[in-house]
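Here are my notes on the model you sent over. Have the structure open while you go through the points.

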Amino acid sequence: MRSDNQSIWGDPLKDFILLGVSDRPWLELPLFVVLLVSYVLAMLGNISIILVSRLDPQLHSPMYIFLSHLSFLDLCYTTTTVPQMLVNMGSSSKTISYSGCTVQYAIFHWLGCTECIILAAMALDRYVAICEPLRYTIIMHRPLCQQLVAVAWLSGFGNSLVQVVLTVQLPFCGRQVLNNFFCEVPAMIKLSCTDTAVNDTTLAVLVAFFVLVPLALILLSYGFIVRAVFRIQSSKGRHKAFGTCSSHVVVVSLFYLPAIYMYLQPPSSYSQEQGKFISLFYSIITPTLNPFIYTLRNKDVKGALRRLLARIWRFCIR
């Protein structure tokens, strides 16, 4: 028989408790400061990337179409999770409503799968730019880029919808305590008091598809890129070719390594203690670093930022 806090369709559910670092109270203040500063930097950095990609005519190439969507994804990532973390760290209750928790993990998984495909599309763009430079504008035309972006967003939404439909049917018994900073599907499955074989299998299959297939395409693209680069006679040409890909490689590594560790393991062996800090890394640190990785290593973006700041300055001193 299900208790009052087990039903999702008729009976009321209690709020979830997000422990965060409440077992280490001395960490809360420094972590609060780090999260607040990182959130501000993530907002400023990603908004700047979106603005220069949209406003500067020199950044209307396919690469920057994908980059602006990546920055928008990172904005949504941080906004979905960090404000709730800051509120909980600044209070003693550390709770989130059931509906708020559902919305949080639904959006989080939507964005995660979308980012996997966007990163694969960016790798395809780099492959065409380096391996097929004379046909680049013909192959990577604007409608194709828009179609790839649409596929990314719709695929991510479909994955999230399946995860939400399966997860909201799980009963939760006893105290609904998540040893995490925010709500995620593996932690929710771990918390359930019923047989979760269907959820475990579905999560494993979907994550394997949305993580490993794009990753395989990325690795394949860079395999062809490396082969093409080593055929370039000029060392300067090789350095320039590698330079156009280095930022994307770093971003892919920062995104995929934690995701593989987190999701390519059975939820039954999921460690909430380890998972919560890895979740913290890819929910705030990676979105904060991404815009700086692209600006520090990209002359076009740095030039566009300088032109944007100059326009803002001229507008302000009028």
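1. A quick definition before anything else: buried means under 20% relative accessible area, exposed means over 50%, and partly exposed is what lies in between (1.4 Å probe, protein chains only). With that cut-off, 50% of the 318 residues of the chain count as buried.

2. Some housekeeping. This is a predicted model, in which local features need pLDDT of at least 70 and side-chain atom pairs count only at pLDDT 80 or more, while totals for chains, interfaces and linings use all residues. Residues are numbered from 1 along each chain as its sequence is written, and side-chain values use heavy atoms, with hydrogens and water left out.

3. Overall make-up. The chain has 10 helices and three strands, taken as DSSP runs numbered from the N terminus (helices are H or I with at least four residues, strands E with at least two). Reading from the N terminus, the order is β-α-α-β-α-α-α-β-α-α-α-α-α. Contact here means heavy atoms within 4.5 Å; among contacts in the chain with a separation of 6 or more, 79% join residues 24 or more positions apart. The accessible surface is about 15500 Å², and carbon and sulfur atoms hold 69% of that (Shrake-Rupley method, 1.4 Å probe; for residues, only the protein chains shown count as cover).

4. The strands. They form an open sheet of three, ordered S2-S1-S3 with mixed pairing; the edges are S2 (95-96) and S3 (177-178), each pairing on one side only. Two strands pair if DSSP finds at least two bridges between them. Strand S1 (residues 16-18) runs parallel to S3 over two bridges, and Ile17 has Val177 as its bridge partner in S3.

5. The record. An unreviewed UniProt entry lists "transmembrane region" for several spans, including residues 64-87 and 107-128; its positions are given in the numbering used here, feature names are shortened, and annotations may be inferred rather than shown by experiment. In the model, residues 64-87 are 100% helix and 0% strand, with the end C-alpha atoms 34 Å apart. Residues 107-128 are likewise 100% helix and 0% strand, and their end C-alpha atoms lie 32 Å apart.

6. Glu115 is buried but has no salt bridge, and the nearest side chain of opposite charge, Arg54, is 15 Å away. For charges, Lys and Arg count as positive and Asp and Glu as negative; His and the chain ends are not counted.

7. Salt bridges. The rule is a side-chain nitrogen of Lys or Arg within 4 Å of a carboxyl oxygen of Asp or Glu, and the count comes to two. Arg126 and Asp125 meet at 2.7 Å, N to O, and both of these residues are buried. Glu132 bridges to Arg135, with the closest N and O atoms 3.5 Å apart. Glu132 is partly exposed at 27% relative accessible area, and Arg135 is also partly exposed, at 45%.

8. Lastly, Ser155, in helix H5 (residues 142-167). Is Ser155 buried or partly exposed? Ser155 counts as partly exposed, because its relative accessible area is 22%. Leaving aside neighbours within four places in sequence, Ser155 is in contact with Ile117 and Phe210.
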